[in-house]
Amino acid sequence: MSLKYAVLAALMEGEASGYELSKVFDVSFANFWASTPQQLYRELERLTQDGLIEARVVQQERRPNKRMFTLTEAGREELGSFAAEPVRRPAALRDELMIKIQAMDDSDPGPARALIEERMSWSKGKLARYERVRERLLAGRTEEEYLRGSDRVGPYLTLLAGIDYERANLGWCERVLAVLKQRAPLG
């Protein structure tokens, strides 16, 4: 899948500037699709040229003008077609930490412990961010009320995947630390 569809999906929320979209990728999409601002801006240009999104310039005082992007009907159709296609292949985990843990047996476990603790810190931070987004989406409603009455449930469902992923990550890290502690030489 290309960044194209992630940008189109993000614009389903409504008009947004490139800066606003980069924040969406940092918070709402971070758990399943990463993008740098440079990649995002290049993709916005391509999508505009392809007629899948429209851009309008907003004049600003004391700041540079900004471009606001919206999904076109052609963009909605393209996204709908993409959403109906079967997934080509399951996601593959590519994680440098896993290679380091795989290879740790012939070295001091101290650095591995430090890496796991760092991962735990990142996961806790992401989980806290995702929980804040969840609370904002729910806006005082129960999950059941939100899912039954909201116009769009996709962002909430993908957010739940991110929450589950980070909880699983934390559980794995705790287990690794427990194993490393058990294996620590006595003395």
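Leaving out neighbours within four places in sequence, Ser17 is in contact with Lys66, Arg67, Met68 and Phe69, where contact means heavy atoms within 4.5 Å. What we have is a predicted model, in which local features need pLDDT of at least 70, side-chain atom pairs count only at pLDDT 80 or more, and totals for chains, interfaces and linings use all residues. Residues are numbered from 1 along each chain as its sequence is written, and side-chain values use heavy atoms, with hydrogens and water left out.

Back to Ser17. Ser17 belongs to strand β1. Helices (H or I, at least four residues) and strands (E, at least two) are DSSP runs, numbered from the N terminus. Is Ser17 buried or exposed? Its relative accessibility is 6%, so Ser17 counts as buried; the cut-offs are under 20% relative accessible area for buried and over 50% for exposed, with partly exposed in between, using a 1.4 Å probe and protein chains only.

Now the sheet. It is open and has three strands in the order β1-β3-β2, with antiparallel pairing. β1 and β2 are at the edges with a single partner strand each, so one side of each has no neighbour in the sheet. Two strands pair if DSSP finds at least two bridges between them. Strand β1, residues 16-17, is joined to β3, residues 66-71, by two bridges, and Ser17 sits opposite Met68 of β3. Between β2, residues 53-58, and β3 there are six bridges. Glu54 has Thr70 in β3 as its bridge partner, and Val58 is opposite Lys66 in β3.

Next, the helices beside this sheet. Helix α1, residues 3-10, has seven of its eight residues buried. These are Leu3, Lys4, Tyr5, Ala6, Val7, Leu8 and Ala10. They pack against α2 (18-27), α3 (37-49), β2, β3 and α4 (73-84).

How do α2 and α3 pack? Their angle is about 125 degrees and their axes are 10 Å apart. Axes are lines fitted to C-alpha atoms, for helices over the stretch in contact, and angles run from 0 to 180 degrees between N-to-C directions. The two helices are therefore oblique to each other; under 35 degrees counts as roughly parallel, over 145 as roughly antiparallel, 65 to 115 as roughly perpendicular, and the rest as oblique. In this pair, Gly18, Tyr19, Leu21, Ser22 and Phe25 of α2 meet Leu40, Tyr41 and Leu44 of α3.

Last, the cores. A nonpolar core is a set of buried Ala, Val, Leu, Ile, Met, Phe, Trp, Tyr and Cys residues joined through side-chain atoms within 4.5 Å. Which members of the largest one touch the most others? Among its 20 residues, they are Ile101, Ile116, Leu137 and Leu159. Helices α5 (96-102), α6 (109-138) and α8 (154-183) each give two or more residues to this core. A second, separate core has 19 residues, including Tyr5, Val7, Ala16 and Leu71.

Setting aside neighbours within four places in sequence, Ile116 is in contact with Leu97, Ile101, Trp172, Cys173, Val176 and Leu177. Arg119 is in helix α6, and is buried at a relative accessible area of 12%. Not counting residues up to four places away in sequence, Arg119 touches Asp95, Leu97, Met98, Asn169 and Cys173.
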